[in-house]
Amino acid sequence: MKIPELLALLCYFVVVLGVGVYFFVRDRAKGATEKDYFLGGRQMNGWVSALSAGASDMSAWVLMGLPGAIYLTGMGQVWIAVGLLLGTFAAWIWVAPVLRRYSIVAGDAITIPQFLTKRFCTGNKAIMMSSALVFVITYCIYTAASLFACGTLFNTVLGMEPKLAMIIASVVIVVYTFLGGFNAVCWTDFFQGMLMLGALMLVPILAVAMMDSAAFNAPAVTLPENYYNVLSSGKADWKSCSDIISGLGWGLGYFGMPHILIRYFSVRSEKEMNKSRIIGCSWLLLILLATCTVGLIGRRFIGDALMNGKSDLIFIEMVRRVFEWLGNSVGLVTLFIFCAGVLLSAILAAAMSTADSQLLASASAFASDLYKPLLRKNASDKEMLVAGRVVVIVIAVAAFLIASSPSCKGLMALVSCAWAAFGSAFGPVMLLALFWRRLTYAGALAGIIAGFAVDIIWYIFLSDSGIYEIIPGFAAGLLAALIVSLCTKRPSLDVLILFEKSRQKQD
């Protein structure tokens, strides 16, 4: 254990808890409502909205799982980054502005299930109930990935037991989410997004500088065949094609990811939306380029030392070695070890910025879409906040149990599973809801159920096919929504009027 690294991590925890306390005190003073807690009162500026959406999207896998995969097998894994980049560009350019306007005209909806219900001008609660089930299952898995990353970081850096580290991370995340709500989550995500970008861009530059110095001893490196080929097998066979298809398929997840879509709801104006679009797309482009660079340089920098199931540690090892070298070079070892701890906090930032968003999204869905409409129709704002906060704790506990289970398959497996489930269940339905006037309530419900079911079935029985389950799941959800909508009664005049209103700029 290196004390300066520990102090840096503790400072980070103090900062994020301080943000939660600040917004708790501020919101209590002004009498915050349900919409303030779950959506920040729709007053997020362009910078905060963009980086919050990006940071809640790019969980710890962007600092561990993805660079680790590229370190291990090479350029064939960059198709995941390409898919994510195309998906986020499409979401910010086409989905975000329409969804923001539509959520306002559709009864000022504050959650995705609530929006899908109000979009059809109905009191039917079937979509809310089915969505809540998807939320609970999937967010437990997704949050588990973030806690797993925290456990790995503390175990590697501090020698702490992973389970104890996960408990500490869970408590911190729950406390500032519990206290500050959407405002605290977004503002911590903003700073976390800046920290992630700075760390990912700085580390490979310093690693190259160290490799050019006399102090660097080149490690043994045995590169796999076709390591620098974007075709993983070196030719256009099924292996290469399935890797490309599956990698690009990651981009489909953006259309159905509730904790990302909800950021589009919160932007305060069309002008700020335009700003958010540019910032969000630019941030992600830089993040993904830097991530791929870390993986490729890391293989030359570290060599084959992390080949035996430790590839996720590539970023951590690069940070520690680079800053130890810098410290020895200038005679300020303690200071530079502390700086290394600051950069390693970027992993905490990535994990926590995703976990807090997921906890808040699940809490808002439960309180707004299940608790009030089905259990307590006359629930006050205060009661709704309490119900949401209870769910935050329940999801966090369930996520801890999953992450600490001996059968847990690791960070990348957890993230890919949850990403595919959300993308399959909500992606097709959200696109049709925003851009196809003929979509019916029954069609939307069928799309959610079919997409989620096919995703699970493919994951359990056909994962060896080489095709990422989001692709068949998304296709099944899209087909089910289209077919059922065409076979059921056309939407009412009220629904069509609402659809037309969503096309009109409001500010």
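1. Helices are here DSSP runs of H or I with at least four residues, numbered from the N terminus. On that basis, Ser311 lies in the loop that runs between helix H11 (270–302) and helix H12 (314–330). The model under discussion is a predicted one.

2. With residues up to four places away in sequence set aside, Ser311 touches Met64, Gly68, Tyr71, Leu72 and Leu306.

3. Arg277 belongs to helix H11, one of the two helices that the loop of Ser311 lies between. Arg277 has a relative accessibility of 18% and therefore counts as buried. The side chain of Arg277 is joined to that of Asn274 by a polar contact of 2.9 Å. Apart from residues up to four places away in sequence, Arg277 touches Trp92, Ile93 and Pro97.

4. Ala418 is placed in helix H15, which covers residues 411–435. Because its relative accessibility is 0%, Ala418 counts as buried.

5. Which residues are in contact with Ala418, once its neighbours within four places in sequence are left aside? They are Thr138, Ile141 and Tyr142. For Ile141, the C-alpha atom is separated from that of Ala418 by 6.1 Å, although the two residues are 277 residues apart along the chain.

Technical notes. Residues are numbered from 1 along each chain as its sequence is written. This is a predicted model: local features need pLDDT of at least 70, side-chain atom pairs count only at pLDDT 80 or more; totals for chains, interfaces and linings use all residues. Side-chain values use heavy atoms; hydrogens and water are left out. Contact means heavy atoms within 4.5 Å. Buried means under 20% relative accessible area, exposed over 50%, partly exposed in between (1.4 Å probe, protein chains only). A polar contact is a pair of N or O atoms within 3.5 Å; within protein, one must be able to donate a hydrogen and the other to accept it, and residues adjacent in sequence count only if both atoms are side-chain atoms.
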